[in-house]
Amino acid sequence: MAGLLENTKVLEIADDKGAYCGKILADLGAEVLKVEKPGGDDTRKIPPFKGDIPHPEGSLYFAYYNTNKKSITLNIETKNGQEIFKQLARSCDVIIETFLPGKMKKLGMDYQNLKRANPGLIMVSITGFGQTGPYKSYLANEIIGFAMSGVMYECGDPTNPPTKSPGQLTIDLASTYAAAGVLIALFNRLSTKRGCHIDVSLQEVGAMTSYGPHISLYDLDGRLIERGGQRQLGDPAFGIYSCKDGHVHIGVWSPRQWKSLMAMMGNPEVLLDALWEDRLFRQDNRDVVESLIMDFTKSLTKAGLFDLGQSYGVPCAPIHTIAEFVDHPQIKAREYFIDLIHPYLGKIKYSSAPYRMSGKPWKPKRAAPLIGRHNKEIYTKQLGYSPKELGALRESGII
Amino acid sequence: MKNTKDMKKRLPLQGIRVIDFSTAWAGPLLSRLLADYGAEVIKVESSSWLDSTRLWGPFPQEKKGNIEASVIFAYLNRNKKSITVNMSKREAGELIAKLINISDVVVDNFALGVMEKWGLSYSQLKKMKENIILINMQGLGRTGPFREYATYGPSLMCISGMTYLWRFPECHEPIVTGPLPDFVAAAHAFAAIIAAVYYRAKTGRGQQIELTQLEALASLMGPLYMDWFVNDRDPMPQGNRNSCWAPYGCYRCKGNERWCVITITNEDEWRRFCQVIGEPPWVRDPKFASMGDRVNNSCELDKNVEAWTRLHTPHQIMRILQRAGVPAGVVQNAEDVYHDPHLRERGFIFEMNQPEIGFLAYPGLVMKLSDTPAPLCHPAPHLGQDNNYVFGKVLGLSRKEIDRLKKEGIIF
């Protein structure tokens with residue numbers, strides 16, 4: 001069964017900043033052509049590798065971010081390569097690119113130029129700082145985008161430097177918004193018949209993910225959120241506690257939840273006064289609250305506290321390792337991980353899409369492509385090159 | 001000519017009507033994204049059950065506890081309309097059914113069962129409007145033994161494995177970090193809804209989208225799970241360290257709690273870095289000769305790098321290194337971001353006048369679409385602000401009828 005985006009053609013000429021955007025569209029059924037440089041995309045060098053052995057087809061990172069895509073190789077630094085790209089751009093709906101602003105123009109592949117031959121073309125550019133402004137030419141990646149957004153400053157424990165997230169949070173969120181932007185543009189194109197250029201900046205996407213809108217809070221009363229470690233917001237009823245077999249998070253926000261926490265802990269006499277319902281009061285007298293919660297959690301298990309919290313209406317959650325998440329009965333019952341067969345990696349488990357759509361159910365079809373796996377299909381069938389011409393392109397290093 | 005100009009001015013999601021039952025963070029952020037791009041979002045509220053962000057604040061000093069003065073509520077609910085109904089009354093359900101009949105999307109992020117109790121399950125919604133698009137955004141999903149568990153952003157981050165990993169190995173206990181899962185869920189829901197809207201425009205068919213917030217967060221950790229499946233490795237916290245590149249990480253600068261990030265991922269960048277910091281003798285140490293050597297001796301390397309970064313402010317370092325073609329940035333705090341000349345010039349930061357708060361700076365549009373005009377910027381609605389518009393103009397009820405519904409506590 002084809003997906004929602006059946007018959008939508010996407011060209012992805014992108015580094016790690018755009019791969020997840022392409023994956024979302026490919027998983028929704030679009031035909032996404034990943035344009036790799038001859039020899040393979042640089043993201044094929046990103047660990048982890050199967051068996052920890054670096055190999056261009058062995059990167060689990062690449063395997064995850066490129067499901068359902070096709071791969072062709074093309075050297076766009078050559079004149080011929082640029083011509084071929086423009087040919088592909090003429091018949092596609094969407095281009096995902098992540099170059100520094102100006103680079104596509106230098107190659108004659110910028111939006112203004114390409115849309116002349118294809119007015120319905122939609123291009124999304126995902127860069128560190130966007131297409132305009134004084135920092136637009138600054139080099140960027142996940143950690144730089146995250147740092148410049150103002151969020152990294154708030155993350156970590158006070159005895160270590162500000163700390164990046166596991167994975168690539170800013171990039172993947174930017175890619176998700178970019179995919180949403182492409183879909184908005186596709187929808188809009190149904191009535192206007194025109195495409196558009198979408199500008200996504202890692203810094204801006206990152207700046208949206210702070211505790212509250214951090215610039216608004218700063219503007220309101222000058223507050224800065226500092227790295228707080230286990231009790232980031234100061235309230236002892238919102239933080240991480242150790243228990244019998246690890247750690248749990250207790251996340252009390254409202255007075256109602258505080259009362260539920262008290263009930264769960266058997267209403268300790270010391271905390272019965274209504275004064276304790278005030279977050280700031282708790283913060284000023286944190287030692288009292290902290291030691292009582294510690295005493296309570298230490299004899300219980302993470303799973304036990306998760307259940308107990310639910311029955312009392314206390315936000316309380318187990319802190320899992322990766323293996324504990326994977327083995328969790330909820331994840332297993334939902335069959336969140338599914339098998340795909342990859343020519344080099346073999347049969348392995350992949351995360352499925354986080355949305356299940358009744359209209360066109362998400363269906364994994366293909367594992368990530370091998371380098372240039374679809375050269376023949378695209379160059380001969382779609383663009384009409386003869387096998388001889390294809391050989392010549394290969395010899396001259398264009399594909 | 002006027003026509004084309006008007007066409008150009010049209011926001012891309014104009015004409016899409018969204019009935020939004022969501023509260024707190026993930027759902028309201030999702031519907032705000034839809035509203036930012038032109039959808040008409042009608043937030044269904046009730047005086048007897050307030051959206052928790054109306055109560056959270058923070059508030060301006062003199063407006064503590066004023067439900068119309070919460071900064072977070074203003075941020076999450078701009079560009080929306082608000083109606084108030086008491087869903088426990090039968091007639092309220094009928095009003096909502098009429099509204100859904102002329103709407104396109106319904107948003108739900110309640111715990112499992114609430115919408116069903118109100119007669120708003122997908123099969124019931126379909127009877128009100130055949131091609132409705134419904135998104136249900138439960139924390140742990142609508143199936144499985146934990147489906148009824150209520151969760152919040154921090155809980156989801158803990159359950160997914162992300163909290164465990166988000167720290168330096170030297171930090172022995174896990175730490176708390178922001179409400180990220182809400183943002184991640186909202187972004188994925190946003191994409192999924194527009195995919196469904198696009199599909200409906202082409203085929204006429206609506207659908208139900210089940211978005212599981214935990215799974216949205218897990219989507220950002222795919223390779224970590226694969227490392228477990230393929231290599232039997234339960235990943236451990238890494239801090240900012242990178243197994244391929246060094247120097248790579250966050251370095252202390254001149255000033256109190258001032259930090260920069262520097263990432264050197266190839267030999268060219270390394271040579272330019274050495275040059276720009278004045279070729280101190282340590283850069284010639286064979287311990288740092290190749291990328292592999294630098295990664296293996298990264299602790300010592302980082303100390304040397306930090307000896308240089310401590311002499312400069314983070315903004316100086318970004319400027320010096322970026323001019324030399326070395327990727328670097330400032331670990332900006334909210335004050336830096338507020339004044340950031342780049343974000344200001346791009347118009348990302350904008351001032352909104354929320355009546356009970358006054359002018360305040362907020363983060364703007366998450367992406368810019370060419371040919372699309374400056375975004376709408378209506379402040380977040382007062383509770384029930386649009387009752388007369390929605391029930392009168394949109395549903396066509398008479399003034400008298402609306403007054404009766406108010407008196408009987410149905411519009412409430």
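Predicted model: local features only at pLDDT ≥ 70, side-chain atom pairs only at ≥ 80, totals over all residues.
1. Aromatic pairs in chain A. Over all chains, a search of the whole structure finds 33 aromatic pairs. In one of them, the ring centres of Phe325(A) and Phe337(A) are 6.3 Å apart and the planes stand at 85°, so this pair is edge-to-face. Because Phe325(A) belongs to helix H14 (residues 322-326) and Phe337(A) to strand S10 (residues 337-342) of chain A, the pair ties together parts that are 12 residues apart in sequence. Phe325(A) is buried, its relative accessible area being 0%, and Phe337(A), at 11% relative accessibility, also counts as buried. The ring of Phe337(A) has a further partner in Tyr336(A), with centres 4.9 Å apart and planes at 70°, so that this pair, too, is edge-to-face.

2. Ring pairs link Phe238(A) and Trp253(A) with Trp25(B), Trp56(B) and Phe183(B) into a cluster.

3. Charges over rings. In chain A, the charged end of Arg231(A) sits over the ring of Tyr241(A), at 4.1 Å from the centre of that ring. In chain B, Arg32(B) lies over the face of Tyr75(B), and here the distance to the ring centre is 4.9 Å.

4. Helix H16 of chain A. Within this helix (residues 375-382), Asn375(A), Ile378(A) and Tyr379(A) are buried. Viewed down the axis of H16(A), the buried residues fall within an arc of 90°, and they therefore line one face of the helix. The face turned away from that buried side carries Lys376(A) and Lys381(A), which are exposed. The elements that cover the buried residues of H16(A) include strand S2 (31-36), strand S3 (69-73), helix H3 (79-90) and helix H17 (387-395) of chain A. Just after the helix, Gly384(A) adopts a positive phi of about 80°.

5. Helix H16 of chain B. The buried residues in this helix (residues 314-323) are Pro314(B), Ile317(B), Met318(B), Leu321(B) and Gln322(B). Around the axis they cover an arc of only 115°, which puts them on the same side of H16(B). They pack against helix H6 (142-148) of chain A and, in chain B, against S8, helix H13 (267-276), H15 and S9. The residue Gly325(B), which follows H16(B), has a positive phi near 80°.

6. The sheet of chain B. Three strands form an open sheet in the order S7-S8-S9 (chain B), and their pairing is antiparallel. The edges are taken by S7 and strand S9 (328-330) of chain B, each of which has a single partner strand, so one side of each is left without a neighbour in the sheet. From one strand to the next, the twist averages 20°. S7(B) and strand S8 (residues 259-263) of chain B run antiparallel and are joined by 5 bridges; Arg252(B) has Trp259(B) in S8(B) as its bridge partner. Helix H15 (residues 298-309) of chain B lies across S7 and S8 of chain B and runs at about 45° to S7(B).

7. Backbone details to inspect. Most residues other than glycine have a negative phi, and most peptide bonds are trans. Against that background, the peptide bond from Gly57(B) to Pro58(B) is cis, with omega near -10°, and Pro58(B) is found in the loop between helix H3 (52-56) and helix H4 (71-77) of chain B. A cis peptide bond also joins Ala246(B) and Pro247(B), with omega about -5°; Pro247(B) is in the loop between helix H12 (222-231) and strand S7 (248-252) of chain B.

8. Asn68(A), a residue other than glycine, has a positive phi near 65° and is found in the loop between helix H2 (60-65) and S3 of chain A. Asn68(A) counts as buried, at 4% relative accessibility. Asp232(B) is not a glycine either, and its phi is positive at about 60°; its place is in the loop between H12 and S7 of chain B. Asp232(B) is exposed, with a relative accessible area of 61%.

Note on methods:
Residues numbered from 1 in each chain as written. Chains lettered and ligands numbered in written order. Heavy atoms only, no water. Phe/Tyr/Trp six-rings, centres within 6.5 Å; stacked < 30°, edge-to-face > 60°. Helix = DSSP H or I, 4+ residues; strand = E, 2+ residues; numbered from the N terminus. Buried < 20%, exposed > 50% of the residue type's maximum accessible area, 1.4 Å probe, protein only. Lys NZ or Arg CZ within 6 Å of the ring centre and 35° of its normal. Arc of directions from axis to C-beta. Contact = heavy atoms within 4.5 Å. Pairing = 2+ DSSP bridges. Axes fitted to C-alpha atoms, helices over the stretch in contact; angles between N-to-C directions.
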